[in-house]
Amino acid sequence: MMSETISAAQAGTIALGDLTVNRIGLGTNRITNITDAHNLLKRALELGINFIDTAHYYGESEEGIGNALAPYDTGLVVATKGGATDASPQQLRRELEQSLKSLKKDQIDLYQLHRVDADIPLEVTMQALKSFQDEGLIKHIGLSEVTVEQLQQAMQVVPIVSVQNEYNVINRKHEALVDFCTQHQIVFIPWFPLGGLFGDTAKVEQRVANIASKLNVPTRQVALKWLLQRSPIILPIPGTLSPAHLEDNLRAATLELSEEDYAALSN
């Protein structure tokens, strides 16, 4: 009997500027600097995951990734974020330098503004990120939790390759932003991609549960497959500390979601 093939590569690839990654990544807001987390990260790479998302705000996550994976495999893209509570140029530089040290990198592949700072003009923040890019500390720049208008404003200062907002099959408040990113070939990275669908026994939106039951798969796979079909520019980053859930997430790549089922989830 042939063993099952499980790989992030089965989801296809997506371009982040001049970088190419498989279309299911790994979110690491729960990753810490402990052995179990290190083993999960290494298992993720074995399964073809080559996009890992973290943030300075996540605490031990960056240090855990750096200790587990540095020196990094060729083709592995590590994205992080800065400016969760203070996006001043001075604070962004401090956080960027700390991230570089924790991740054990000379350059961040994708550096994302964690939040727009209401007290600082967005143009000032973006000019700072552009200057870090010009120094070679950042390769590509992304944004998180923005509106279409804020994205357009940022694009006037520097090329933006990605946007990371909360979005999933249940929470669809950023539909217009997904459509804008699709039109402009900007990668959309939905955080909280499972929308709370953490297990088969979770109380979830009934239509998701019904389709998962019909297909005899976990609800998480239906949620992820819906995102993959929603737009070719979507790059889901489900997080987990469970190797079994990690494999379950990747099985979404080969799940067959009919047009009828997709439409039922989209209405």
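A nonpolar core is a set of buried Ala, Val, Leu, Ile, Met, Phe, Trp, Tyr and Cys residues joined through side-chain atoms within 4.5 Å. In the present structure, which is a predicted model, the largest such core comprises 73 residues. Among these, Leu69, Met126, Leu129, Leu151 and Phe188 touch the most other members. Helix 8, spanning residues 219–230, supplies the largest share of this core, with 6 residues. A further core of 13 residues lies apart from it and includes Ile14, Phe51, Val77 and Ile189.

When neighbours within four places in sequence are set aside, Met126 is in contact with Leu113, Ile141, Leu143, Ala154, Val157, Val158 and Ile160. One of these residues, Leu143, stands opposite Val163 in strand 8. Strand 8 (residues 162–164) pairs with strand 7 (residues 138–144) in the parallel sense, over 3 bridges.

Both strands belong to an open sheet of 7 strands, in which the order is 3-4-5-6-7-8-9 and the pairing is parallel. The edges of this sheet are formed by strand 3 (26–27) and strand 9 (187–188), each of which pairs on one side only.

The pockets of the model were also considered. The largest pocket holds about 300 Å³ of space. Its lining consists of 15 residues, and those nearest the centre of the pocket are Asn29, Phe192, Pro193, Ile237 and Gly239. Classification of the lining gives 8 nonpolar, 5 polar and 2 charged residues.

Notes. Residues are numbered from 1 along each chain as its sequence is written. This is a predicted model: local features need pLDDT of at least 70, side-chain atom pairs count only at pLDDT 80 or more; totals for chains, interfaces and linings use all residues. Side-chain values use heavy atoms; hydrogens and water are left out. On a 1 Å grid over the protein atoms alone, a cavity is a set of points where a 1.4 Å probe fits but cannot get out, and a pocket is an open set with protein on both sides within 12 Å along at least five of seven lines; lining residues have an atom within 4 Å of a point. Grid points are joined across faces, edges and corners, and a volume is the space filled by probe spheres set on the points. Ala, Val, Leu, Ile, Met, Phe, Trp, Tyr, Cys and Pro count as nonpolar, Asp, Glu, Lys and Arg as charged, and the others, Gly among them, as polar. Two strands pair if DSSP finds at least two bridges between them. Helices (H or I, at least four residues) and strands (E, at least two) are DSSP runs, numbered from the N terminus. Buried means under 20% relative accessible area, exposed over 50%, partly exposed in between (1.4 Å probe, protein chains only). Contact means heavy atoms within 4.5 Å.
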